[in-house]
Amino acid sequence: MTGVVLGYIPSPSSGTFNLGPLTLHMYGVMLLLGIAACVWLTGRRWVSWGGDWDLVFRVALWGVIAGVVGARAYHDITSWSQDPAIHRHWWGFAAVWDGGLGIWGGIPAGVLAGALVVRHSGNSIRLMMDAVAPGLLLAQGIGRWGNYWNQELYGKPTKLPWALKIDPAHRVSGYERFATFHPTFLYEFTWDLIGVGVLLWVDRRFTLRRPALFALYVAWYTTFRTYEEVLRIDPSHYFAGERVNFWVSLGIWILSVAFFVWWQFFRSRPEKPAVPKARPVPKGPRMAVPKGRVR
């Protein structure tokens with residue numbers, strides 16, 4: 001690459017570690033850390049509102065399973081002809097450890113599964129959506145570090161001091177002569193982390209009509225994601241000169257902002273404040289005392 005790069009972020013030499021017979025994929029480790037952080041933050045919020053941890057764990061279990069399936073399905077459908085890892089083996093369509101999870105399929109599928117669990121428990125789906133919103137953003141930010149370990153989904157070439165150095169084997173076709181690129185994973189991590197603080201502050205400072213906070217979470221995330229799609233150079237289908245996910249993100253941003261404004265400011269129907277229902281504690285047998293012995 002021509003020019004002088006004053007500094008850069010080095011990439012890891014490998015995204016895996018061998019622990020005896022086991023191979024540890026750091027992409028998966030970052031996903032697990034993100035899920036754990038989401039469960040922790042959501043549980044803290046839900047319990048502080050009067051709910052119980054048991055429901056949070058059940059929502060996390062089914063939400064994560066459905067989310068991974070939905071995220072991988074979105075990637076397989078939209079990148080079937082562009083991701084060689086899908087065709088490398090017969091099970092390539094399910095190789096999530098190699099990357100390839102589309103957030104546009106993961107969040108809707110996970111939220112739907114979680115909503116069914118909450119509905120079955122008799123609790124408020126809207127309230128749970130607002131409880132989990134900051135946690136989801138935190139999980140997405142942490143999960144982006146998986147892209148760093150896999151040296152994938154980076155941005156255009158740059159000479160900025162915080163540029164990310166990519167090994168030749170991981171450079172996108174057509175950009176082989178460049179060595180440093182925009183670290184979009186770091187940009188999104190920073191944006192998401194700031195967003196977690198903003199959502200928590202808004203929820204404490206203002207009275208929201210549930211699930212207005214979830215709409216704000218979607219709007220916050222897609223605000224940067226729309227810009228990020230302009231930076232990224234990984235293979236993608238294009239429409240009207242922009243990546244397909246640019247238009248998906250922009251469309252979801254418009255819908256989320258419109259929903260928040262209408263729901264929070266123009267929806268006139270009064271609603272009863274939702275309160276979490278704690279899981280009933282089973283009662284043990286009562287001790288019987290003969291009346292004649294009571295003095």
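Ring pairs join Phe17, Trp145, Tyr148, Trp149, Phe185 and Phe189 into one cluster. The model is predicted. In total, 21 aromatic pairs are counted. The angle meets the criterion because planes over 60 degrees apart count as edge-to-face. Both residues belong to helix α6, which spans residues 145-150. Trp145 and Tyr148 are three residues apart there, about one turn of the helix. Trp145 is partly exposed, at 26% relative accessible area. Tyr148 is buried, at 14%.

A further edge-to-face pair is formed by Trp262 and Trp263. The separation is 5.6 Å centre to centre, with 65° between the planes. Trp262 is partly exposed, with a relative accessibility of 43%. Trp263 is buried, with a relative accessibility of 6%. The face of Trp263 also carries a charged neighbour: Arg267 lies over it, 4.0 Å from the ring centre. In another arrangement of this kind, Arg205 lies over the face of Phe206, at 5.2 Å from the ring centre.

Trp263 is also listed among the buried residues of α9, with Asn245, Phe246, Ser249, Ser256, Phe260 and Gln264. Helix α9 comprises 23 residues. From first to last C-alpha, α9 reaches 32 Å, close to the 33 Å expected at 1.5 Å a residue.

The largest nonpolar core contains 30 residues. Those touching the most other members are Leu136, Leu137, Leu138, Val196, Leu208, Phe214 and Tyr217. Two or more residues of this core come from each of α1 (26-48), α4 (103-121), α5 (125-143), α7 (184-205), α8 (212-231) and α9 (244-266). Leu138 illustrates the packing. With neighbours within four places in sequence set aside, Leu138 is in contact with Ala37, Leu41, Leu193 and Val196. Another core lies apart from the largest one and has eleven residues, including Trp46, Val56, Val59 and Ala60.

Charged side chains were examined next. The structure holds ten salt bridges. One of them pairs Asp203 with Arg45, the closest N and O atoms being 2.8 Å apart. This pair links distant parts of the chain, with Asp203 in helix α7 and Arg45 in helix α1, 158 residues apart. Asp203 is buried, with a relative accessible area of 12%. Arg45 is buried as well, at 9%.

Asp130 forms a salt bridge with Arg210, with 2.9 Å between the closest N and O atoms. Asp130 lies in helix α5 and Arg210 in the loop between α7 and α8, so the pair ties together parts that are 80 residues apart in sequence. Both Asp130 and Arg210 are buried. Arg210 also meets Asp203 in a salt bridge, at 2.8 Å from N to O. Here too, both partners are buried. Elsewhere, salt bridges link Arg225, Glu229, Arg232, Asp234 and Arg243 in a network.

Note on methods
Residues numbered from 1 in each chain as written. Predicted model: local features only at pLDDT ≥ 70, side-chain atom pairs only at ≥ 80, totals over all residues. Heavy atoms only, no water. Phe/Tyr/Trp six-rings, centres within 6.5 Å; stacked < 30°, edge-to-face > 60°. Helix = DSSP H or I, 4+ residues; strand = E, 2+ residues; numbered from the N terminus. Buried < 20%, exposed > 50% of the residue type's maximum accessible area, 1.4 Å probe, protein only. Lys NZ or Arg CZ within 6 Å of the ring centre and 35° of its normal. Core = buried A, V, L, I, M, F, W, Y, C linked by side-chain atoms within 4.5 Å. Contact = heavy atoms within 4.5 Å. Expected span 1.5 Å × (residues − 1). Salt bridge = Lys/Arg side-chain N within 4 Å of Asp/Glu carboxyl O.
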